[in-house]
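This report walks through one protein model, from its overall make-up to single residues. Keep the sequence and the structure in view while reading.

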Amino acid sequence: MILCSRSLCSGLTPSRDWGSYEGVIYWDNNATTPLDPEVYAAMEPFLKERFFNPSAGYGCARSVREAVEEARADVAALLGALPSEIVFTSGGTEATNMAFRQMAGERNGGKGVLSTDHAASLKPAVALGQGRVCPVDREGRAVPEEWEAMCAAGVSGVSFAWANNETGALQEAAALCSAARRHGASVHLDMVQCAGKIPVDLHGMEVDYASVSAHKFHGPKGAGCLYRRSGAGFSPLLFGGGQEHGLRSGTENVPGIIGFGAAARAALRHLGEDAGRLARLRDSFESLLRAQVDGVTVHSGGMERIPNTSNLAFDGCTAEALMLLLEPAGLLCSAGSACHTLQPMPSHVLTAMGLPDGAVRSSLRFSLSFMTTQEEVEQAVSLVAAAVRKVRGVQSSRTGPVLVYKP
């Protein structure tokens with residue numbers, strides 16, 4: 001059944017003031033997070049009076065350089081790394097591309113790179129013509145036997161997302177890294193969704209490269225880093241003024257780097273306590289919702305996940321129809337698939353997990369943050385339950401699932 005978006009939303013009264021963020025339940029934090037006020041306060045002077053180029057030779061510029069190095073130390077502390085192993089970038093995508101090009105380079109024999117599921121890894125692999133993808137099981141974990149066999153067949157490097165951005169599923173990182181190392185492959189770890197959310201100790205893992213983005217844990221957009229283990233090979237992508245110790249030329253994004261460091265400090269200070277509280281909020285959301293609504297499935301619910309992520313399938317609904325109701329009601333989340341008008345594109349993550357098409361197309365991702373409260377959880381449960389009931393109420397076995405026409 002195809003309904004106009006206006007008809008589906010009829011009778012639904014927006015309950016939020018869209019003139020500001022206040023009052024909106026923002027649960028798309030795996031896409032980006034709101035800037036922590038503490039981070040903004042740290043950045044502000046470097047957007048105004050402390051605007052100097054850190055490569056300049058006068059005293060006020062040297063103080064900016066010192067602030068950049070302090071931020072580098074703060075990021076390294078969050079990751080369990082040395083400051084000298086941190087290369088500031090524009091974000092996780094750039095860092096991943098840097099690592100991929102190194103691992104796929106001629107100096108590594110050009111044997112190809114084995115990856116799992118994120119576009120920042122899959123697309124560079126395709127562009128370089130050397131990508132291989134490991135199958136995953138029903139929970140989204142790389143199949144150990146397949147991973148081992150593909151590493152043994154000969155690859156230059158491996159790359160995988162420690163935490164899946166759609167389901168929150170945590171890969172068994174230590175085992176995957178060890179298997180790759182046994183077969184002489186370099187290891188890149190995509191940490192974009194787990195840095196600042198779970199404890200990390202890169203020196204305790206067999207990792208050569210890792211990618212991080214500041215805006216995933218209340219830092220600014222446009223700032224991230226590549227972790228490069230001391231002694232790991234590296235050929236720069238960018239050449240010029242020799243910034244970042246010659247590893248990534250270009251005038252530094254100083255305000256972004258300062259904000260990145262401030263976000264890392266805040267995350268490290270609160271990590272243990274906040275991660276536990278966040279997991280309890282996520283579990284409360286899932287439990288309360290399943291008590292009110294039948295036919296709800298938690299994807300990757302049988303394995304360890306990052307504490308903020310819940311990906312749910314709703315029987316008899318489409319993600320697009322649910323989002324059309326939830327947005328004006330004041331709950332912002334994301335579809336488990338990227339929907340394009342009447343041509344929904346199924347999530348490659350959920351599809352790779354072997355889920356049926358109906359489950360893939362009915363899935364929504366709710367990603368909380370450290371700013372989430374129990375009151376928001378209870379409000380979100382009420383909004384989602386109401387939306388599910390409305391969608392199910394306008395369809396039947398004769399009409400089929402609701403498809404949405406947007407005039």
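## Basis and overall make-up

Helices (H or I, at least four residues) and strands (E, at least two) are DSSP runs, numbered from the N terminus. The model is predicted: local features need pLDDT of at least 70, side-chain atom pairs count only at pLDDT 80 or more, and totals for chains, interfaces and linings use all residues. Residues are numbered from 1 along each chain as its sequence is written, and side-chain values use heavy atoms, with hydrogens and water left out.

The protein chain has twelve helices and 15 strands. It has 407 residues, of which 55% count as buried. Buried means under 20% relative accessible area, exposed over 50%, and partly exposed in between (1.4 Å probe, protein chains only). The accessible surface of the chain is about 17000 Å², and carbon and sulfur atoms supply 54% of that. These areas come from the Shrake-Rupley method with a 1.4 Å probe; for residues, only the protein chains shown count as cover. Take the contacts (heavy atoms within 4.5 Å) with a separation of 6 or more: 71% of them join residues 24 or more positions apart.

## Two nonpolar cores

A nonpolar core is a set of buried Ala, Val, Leu, Ile, Met, Phe, Trp, Tyr and Cys residues joined through side-chain atoms within 4.5 Å. The largest one holds 59 residues. Leu 79, Trp 147, Trp 162, Met 191 and Leu 202 touch the most other members. A second, separate core has 34 residues, including Ala 329, Cys 333, Ala 385 and Ala 387.

Leu 202 touches Leu 79, Gly 80, Leu 189, Met 191, Val 207, Ala 210 and Tyr 227, not counting residues up to four places away in sequence.

Asp 208 sits in the loop between strand 7 (186-190) and strand 8. Its relative accessible area is 4%, so Asp 208 is buried. Its side chain makes a polar contact with the side chain of Arg 229 at 2.6 Å. A polar contact is a pair of N or O atoms within 3.5 Å; within protein, one must be able to donate a hydrogen and the other to accept it, and residues adjacent in sequence count only if both atoms are side-chain atoms. The Asp 208 side chain also reaches the backbone nitrogen of Val 187 at 2.8 Å.

Which residues surround Asp 208, leaving aside its neighbours within four places in sequence? Asp 208 is in contact with Arg 181, Ala 185, Ser 186, Val 187, Tyr 227, Arg 228, Arg 229 and Ala 232.

## Two loop residues with positive phi

Glu 244 lies in the loop between strand 9 (224-228) and helix 8 (254-292). Its phi is near 55°, a positive value in a residue other than glycine. Glu 244 counts as buried because its relative accessibility is 5%. Its side chain makes a polar contact with the side chain of Arg 72 at 2.7 Å. Beyond four places in sequence, Glu 244 touches Arg 72, Ile 86, Val 87, Phe 88 and Glu 252.

His 218 is not a glycine either, yet has a positive phi of about 70°. This residue lies in the loop between strand 8 (209-213) and strand 9. At 7% relative accessibility, His 218 counts as buried.

## Aromatic pairs

The whole structure contains eight aromatic pairs. Rings of Phe, Tyr and Trp (its six-membered ring) pair if their centres lie within 6.5 Å; planes under 30 degrees apart count as stacked, over 60 as edge-to-face and the rest as tilted. The rings of Phe 88 and Phe 260 have centres 6.0 Å apart and planes at 65°, so this pair is edge-to-face. Phe 88 is in strand 3 (residues 86-89) and Phe 260 in helix 8, so the pair ties together parts 172 residues apart in sequence. Both Phe 88 and Phe 260 are buried.

Phe 217 and Phe 260 have ring centres 6.2 Å apart and planes at 55°, so this pair is tilted. The pair links the loop between strand 8 and strand 9, which holds Phe 217, to helix 8, which holds Phe 260; the two residues are 43 apart. One aromatic cluster is formed by Trp 27, Phe 285 and Phe 366.

## Helix 12

Helix 12 spans residues 374-393 and includes Arg 389. Its 20 residues should span 28 Å at 1.5 Å a residue, and the end C-alpha atoms are 29 Å apart, which agrees. The expected span is 1.5 Å times one less than the number of residues. Among the buried residues of helix 12 are Val 377, Val 381, Val 384, Ala 385, Ala 387 and Val 388. Their cover includes helix 8, strand 11 (309-314), helix 9 (319-329) and strand 14 (363-367).

Arg 389 is partly exposed, with a relative accessible area of 49%. Arg 389 and Leu 322 are 67 residues apart in sequence and 9.9 Å apart in space, C-alpha to C-alpha.
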